[in-house]
Amino acid sequence: MLYFSANNNELESFPVQPKMYKFFASHNLLKKFPVQPYMEVFIAEDNEIEKFPEQPKMEIFVGNNNNIRKFPTQPKMIEFFGYNNDLKSFP
């Protein structure tokens, strides 16, 4: 799978997809998100994500209205949208 779009569902988890480069899943119940080796775009607003790992190829992050406390350095990130979270630090 290269592209995943599933807004407005009740997803609680998501598996690693080795070739996926775009992820869209706003308005779900995601609590965590695994490392996706080729993901470039992540859009998942209005979830319950608390931890977000380093994504080696992610360039765009849109994760407004989650519960993210820590956000590690993302080596290729160009755009970050993360308002209404619980960020305590941002390296």
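**Exercises on a predicted five-strand chain**

K70 is exposed (over 50% relative accessible area, with a 1.4 Å probe and protein chains only), as its relative accessible area is 63%. The model is predicted, so local features need pLDDT of at least 70 and side-chain atom pairs count only at pLDDT 80 or more, while totals for chains, interfaces and linings use all residues. Residues are numbered from 1 along each chain as its sequence is written, and side-chain values use heavy atoms, without hydrogens and water.

**Exercise 1.** Locate N8 and D46, and decide for each whether the residue is buried, partly exposed or exposed.

Solution. Step 1: N8 is not a glycine, yet has a positive phi of about 60°. N8 sits in the loop between β1 (3-5) and β2 (22-24). With a relative accessible area of 57%, N8 is exposed. Step 2: D46, also not a glycine, has a positive phi of about 55°. The loop between β3 (41-43) and β4 holds D46. At a relative accessible area of 28%, D46 is partly exposed; the term covers values between buried (under 20%) and exposed.

Technical notes. Helices (H or I, at least four residues) and strands (E, at least two) are DSSP runs, numbered from the N terminus.
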